[in-house]
Amino acid sequence: DKSILPWKNKMILRMIQGRYEEALQCLAENEKLFPGRPSFYMDRAEILERMGRFDEAIEVYRRYLAEKEPGSRQAQTKIAMAYALKGDLREASKRYKRLLKEHPGDRWIESQYVEYLMEVARDFKTAYNILKKQLQGGGDGRETIKTLTDMVQVCFFLGRQEEKQQYYER
């Protein structure tokens, strides 16, 4: 019985080394040996993103949604982030907001959106409002280290030093 692990590790190593064309070649070998694996879509799209080929990555995510898992939150958020990375912040924001509307209170989607707001859009005020709601129990009431860390960072950028310290000490 063949194991995918050595082949996948070879592809990942090429990605880490920044040898993306070789990573795509490894992926093609993997696809021949293990046809039809859904993870190959995500792997291909990630490599394409790292190469700056965002339109191709978006197309791969769309094919994944059409052929493998139509409701995949992961693929949908990755499409939104790919739009952001290619500089289309309007489309990225529109897609994240649609996901939040379709999945109200979904902490994972909120977390992805907050990451986008902080790292790409630099919209700390909106990120602050989402995190504040989560920390006040507006979500599912759970505090996570990531939520607190994000709030400390957002408060720093918004100049809310006392509040930053309060979250830091939690």
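## Helices H7 and H8

Two residues are in contact when heavy atoms of one lie within 4.5 Å of heavy atoms of the other. In this predicted model, Arg107, Glu110, Tyr113, Val114, Leu117 and Met118 of H7 are in contact with Phe124, Thr126, Ala127, Ile130, Leu131 and Gln134 of H8. Sorted by class, the residues of this contact are eight nonpolar, two polar and two charged.

Two packed helices are described by the angle between their axes and by the distance between those axes. For H7, which covers residues 107-121, and H8, which covers residues 124-135, the angle is about 155° and the axes are 8 Å apart. Angles over 145 degrees count as roughly antiparallel, so H7 is roughly antiparallel to H8. The two helices cross in a left-handed sense.

## The loop between H7 and H8

Arg122 is placed in the loop between H7 and H8. The phi angle of Arg122 is near 55°, which is a positive value in a residue other than glycine.

Is Arg122 buried, exposed or partly exposed? Buried means under 20% relative accessible area and exposed means over 50%, with partly exposed in between. Arg122 has a relative accessible area of 43%, so Arg122 counts as partly exposed.

## Helices H1 and H2

Another helix pair is formed by H1, residues 5-16, and H2, residues 20-33. Their axes come within 8 Å and cross at roughly 165°. This angle makes H1 roughly antiparallel to H2. The crossing of H1 and H2 is left-handed.

On the H1 side, the contact is made by Trp7, Lys8, Lys10, Met11, Arg14 and Met15. On the H2 side, the residues are Tyr20, Glu22, Ala23, Cys26, Leu27, Glu29, Asn30 and Leu33. The contact of H1 with H2 has eight nonpolar residues, one polar residue and five charged residues.

## Cysteines

Cys26 is one of the H2 residues in the contact with H1. Its relative accessibility is 4%, so Cys26 counts as buried. Cys155 has a relative accessibility of 0% and therefore also counts as buried. How many disulfides does the structure hold? The number of disulfides is zero.

## Ala75 in helix H5

Ala75 belongs to helix H5, which spans residues 73-85. The relative accessible area of Ala75 is 0%, so this residue is buried.

Which residues does Ala75 contact, leaving aside its neighbours within four places in sequence? They are Met42, Tyr61, Tyr64 and Leu65. Ala75 and Leu131 are 56 residues apart along the chain, and their C-alpha atoms are separated by 23 Å. Leu131 is one of the H8 residues that meet H7.

## The whole chain

The protein chain has 10 helices and zero strands. Its pattern along the sequence is α-α-α-α-α-α-α-α-α-α. Along the principal axes, the C-alpha atoms fill a box of roughly 55 × 35 × 30 Å.

Of the 170 residues in the protein chain, 40% are buried. Cys26, Cys155 and Ala75 are among the buried residues. For contacts between residues at least 6 apart in sequence, 45% join residues at least 24 apart.

Conventions
Residues are numbered from 1 along each chain as its sequence is written. This is a predicted model: local features need pLDDT of at least 70, side-chain atom pairs count only at pLDDT 80 or more; totals for chains, interfaces and linings use all residues. Side-chain values use heavy atoms; hydrogens and water are left out. Axes are lines fitted to C-alpha atoms, for helices over the stretch in contact, and angles run from 0 to 180 degrees between N-to-C directions. Helices (H or I, at least four residues) and strands (E, at least two) are DSSP runs, numbered from the N terminus. Angles under 35 degrees count as roughly parallel, over 145 as roughly antiparallel, 65 to 115 as roughly perpendicular and the rest as oblique. A crossing is left-handed if the near helix is turned anticlockwise from the far one by less than a right angle, and right-handed if clockwise. Ala, Val, Leu, Ile, Met, Phe, Trp, Tyr, Cys and Pro count as nonpolar, Asp, Glu, Lys and Arg as charged, and the others, Gly among them, as polar. A disulfide is a pair of cysteine sulfur atoms within 2.5 Å. Buried means under 20% relative accessible area, exposed over 50%, partly exposed in between (1.4 Å probe, protein chains only).
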